[in-house]
Amino acid sequence: MSLALVILAAGKGSRMKSALPKVLHQVGGLSLVEHCLKTGAALDADRTVVVTGHGGEAVGETVSKAAPEATIVTQTDQLGTAHAVDQARAALADHEGYTIVLYGDSPFIRAETITAMHQQCLGGAAVCVLGFEAASPSKYGRLILGPSGLEAIVEAKDATKDQLEITLCNSGVMCAKTRDMFDLIAQVDNANAKGEYYLTDLPGLARAKGGRCAVVTCDEAETLGVDSRIGLAKAETYFQSTARMAAMEAGVTLRDPDTVYFSHDTRLGQDVIVDPFVQFLPGVTVASDVHIKAHSVLEACRVERGAVIGPYARLRPGAAIGENARIGNFVEVKNAQLGTGTKVNHLAYIGDAEIGESANIGAGTITCNYDGVFKHKTKIGARAFIGSNSSLVAPITIGEDALVGSGSVVTKDVGDGDLAVGRAQQVTKPGWGKRFMDKLRNKKAEGK
């Protein structure tokens, strides 16, 4: 049977103290709501409906970009979780399958967990609720189990003393047959202190009709929700810890794991070595046998097998580093392709460039790629040698096996095997330096 996702992303999140909608805050370089959409993609859900509210336009733009197939609906009035889900009724009116309700501020619910809930419903459960064993359950609703499964969800404020001893708690995530879910929502009333319509009423309504309700459990961390900057930091900590463990288990060496930061889509091959204080921003792929040295930052780039990066290197979007290439300390590479075995060992900027194999780029080299309006390309052939402190004014082509003398400003193409020297002629005046400095020192001594 097909599966639909309803993602509730309408909450204000006032405790965030932010003009940015809560679900657009990021963990691992990806917004909270996009984490939920990513889970939906892993499930191959045939329908996704995102319910927006506060900051709906911005949330809708993010959702449309990340998941163009998703339907976006708006909860104009904040009248509770059941009311929020009900906004998806029209979008799912013809859906013949099951619906899972997720929360846009809970980024870590796994596809495997949702599949387990779906299986419970396929096995006859009218409603399946996701629960967790809470270390400190005081504020959570309790899941009351009986011989036939889930008997009730009791909010902490309404629980008896014995019920408060229960540590199995409600995450809010719920699954049911789509038609049944909306039939049950139609029966939810708002006879509570807040006058809101709660999704937690569904299991009780289903049982009243003779239905069986089930519970699937997961680790508490998987249900972690974000409602404050403190919660956001906790979510980031959990994400990074999980990503680091996964990397090491996959064959990556992290010299000091707690100082390495990953993004949601970081891809590292086997036998990659990562030194302390390395940051992987979104869009990074690193092949096997690469060494990333300390304090390097990589973003939207690719590094091929055997390369060495850093320390203190910055790879910006569009950087493609070839096999066994060397990018050294204080080197910045942006939108540039470097061939196999090429070396840029220190203090250089390589932007909008194509560099062939086994080229050597000396210290202080700059590709002057920007004229204030347009970006221009620098092409450097295989085995070319660029002397230290050279400025290559693009658009320009340096041929294969060419040599550029140190300190040159090169403004014209250099042919294969040619030597280019573009600097002023040196003038040496014998003894002038000492006489000049002595004169200055004498003036200083005389107080002039």
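Me: Is R244 buried or exposed in this structure?

Reply: In this predicted model, R244 is buried, because its relative accessible area is 9% and buried means under 20%.

Me: Which side chain does R244 meet in a salt bridge?

Reply: Side chains of opposite charge can pair when their charged atoms come close. Here R244 pairs with D258, at 3.9 Å from N to O. R244 belongs to helix α8, whereas D258 sits in the loop between β12 and β13, so the bridge ties together parts 14 residues apart in sequence.

Me: How many residues apart are D105 and K22, and where does each lie?

Reply: To read such a pair, one first looks at the contact and then at the position of each partner. The side chains of D105 and K22 form a salt bridge of 2.8 Å, N to O. D105 lies in the loop between β6 and α4, and K22 in the loop between β1 and β2; they are 83 residues apart. D105 is buried at 16% relative accessible area, and K22 is buried at 8%.

Me: Which residues are linked with D105 and K22 in a network of salt bridges?

Reply: R15 and D227 are linked with K22 and D105 in such a network.

Me: How many salt bridges does the structure hold, and how many positive and negative side chains does the chain have?

Reply: The structure holds 20 salt bridges. The protein chain has 46 positive and 50 negative side chains, and the centres of these two sets are 11 Å apart.

Conventions
Residues numbered from 1 in each chain as written. Predicted model: local features only at pLDDT ≥ 70, side-chain atom pairs only at ≥ 80, totals over all residues. Heavy atoms only, no water. Lys, Arg positive; Asp, Glu negative; His and termini not counted. Charge placed at Lys NZ, Arg CZ, Asp CG, Glu CD. Salt bridge = Lys/Arg side-chain N within 4 Å of Asp/Glu carboxyl O. Helix = DSSP H or I, 4+ residues; strand = E, 2+ residues; numbered from the N terminus. Buried < 20%, exposed > 50% of the residue type's maximum accessible area, 1.4 Å probe, protein only.
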